[in-house]
Amino acid sequence: MPAPRTILLTGAAGGLGTLMRSLLPEYGYTLRLLDVRTVEGEPDAITADLADREALREAVRGVDAVVHLAGISLEAPFEKILRSNIEGTYNLYEAARQEGVPRIVFASSNHAVGFTPAPRAGDPLIPVDTPRRPDTFYGLSKSFGEDLAQLYWDKHGLETVSVRIGSCFPEPTSVRMLSVWMSPADGARLFHAALTAEEVGHTVVYGSSANTRLWWDLTTARSLGYEPQDDSEPYAEKLIAEQGGLDPENPAHSHLGGHFVNDPPIWPY
Ligand SMILES: NC(=O)c1ccc[n+]([C@@H]2O[C@H](COP(=O)([O-])OP(=O)(O)OC[C@H]3O[C@@H](n4cnc5c(N)ncnc54)[C@H](O)[C@@H]3O)[C@@H](O)[C@H]2O)c1
């Protein structure tokens with residue numbers, strides 16, 4: 001596929017959307033923005049809910065690819081997850097299929113495999129084909145999104161890179177995040193690789209930096225041309241001094257999904 005230039009960025013008002021709004025244009029992309037909330041400082045952004053199929057069709061018309069970040073990003077009652085993350089992602093894929101958009105980069109999550117035991121020192125890294133073990137309805141919706149992406153590739157030839165993002169924030173803030181952190185700059189590198197790699201079909205990757213304490217295997221991400229530049233290790237000494245090391249008896253430390261397995265943060269809206 002020719003190098004994509006115009007990208008629809010859904011979830012543009014959110015934390016990751018705000019980071020990517022500033023970082024992705026450096027790679028030469030023109031961004032069209034969409035969110036159900038107002039995107040501060042972006043008067044041209046499309047304000048639309050993922051439930052609005054007509055608005056989605058219009059939003060994807062003429063773009064070269066979609067970076068799909070919109071959705072509930074924490075745990076919520078099933079009915080809310082169903083509407084925003086499951087039906088909403090279906091609506092987006094349908095709009096993309098109808099308008100002939102060739103590729104979507106889907107913000108999946110480590111919470112699709114959150115009940116997987118975290119590897120201990122010396123264990124092999126967790127591969128992308130580990131069985132899905134969602135830790136929440138939220139994680140379940142990401143698992144659904146990956147299956148939807150597979151269906152749209154097999155049936156319609158619409159390509160997807162599903163990125164099981166770890167934690168993409170300016171700095172790691174917990175001992176768990178030392179293993180799952182993705183720096184914003186590495187996030188932009190990974191999205192750029194996912195947008196430009198040849199013939200991805202449906203590829204599932206983990207999204208994180210090259211952390212010394214990494215839990216999962218970045219082979220499929222690297223196969224797209226992703227070369228992470230950052231490592232959480234410089235933050236380790238301070239975080240461990242403040243919080244203690246990982247406690248294998250603590251379920252929030254012993255599973256990939258962290259505290260989503262036993263005490264998930266709840267979507268406030
Ligand atoms: N930030 C991370 O570290 C991380 C980790 C794993 C997965 N993810 C995924 O990446 C995406 C972005 O994460 P984030 O941290 O920026 O979350 P966020 O909650 O800050 O942003 C999500 C955005 O989606 C919008 N949204 C929610 N429901 C919508 C709907 N029905 N229609 C239109 N817009 C809607 C919200 O208004 C919000 O601006 C999410 O899909 C999240 O699940 C993020």
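The model is predicted, so local features need pLDDT of at least 70 and side-chain atom pairs count only at pLDDT 80 or more, while totals for chains, interfaces and linings use all residues. Residues are numbered from 1 along each chain as its sequence is written, and side-chain values use heavy atoms, with hydrogens and water left out.

I begin with the fold. The protein chain holds nine helices and seven strands, taken as DSSP runs, helices being H or I of at least four residues and strands E of at least two. Its radius of gyration, over C-alpha atoms, is 18 Å, close to the 18 Å from the globule rule (2.2 Å times the number of residues to the power 0.38) for 269 residues, so the chain is as compact as a globular protein of that length.

I turn now to the ligand.

Which polar contacts (pairs of N or O atoms within 3.5 Å) does the ligand make? A backbone N or O atom of leucine 16 lies 2.7 Å from a ligand oxygen, and a polar backbone atom of glycine 71 is 3.2 Å from a ligand oxygen. For serine 84, a side-chain N or O atom is 3.0 Å from a ligand nitrogen.

Terms used
A polar contact is a pair of N or O atoms within 3.5 Å; within protein, one must be able to donate a hydrogen and the other to accept it, and residues adjacent in sequence count only if both atoms are side-chain atoms.
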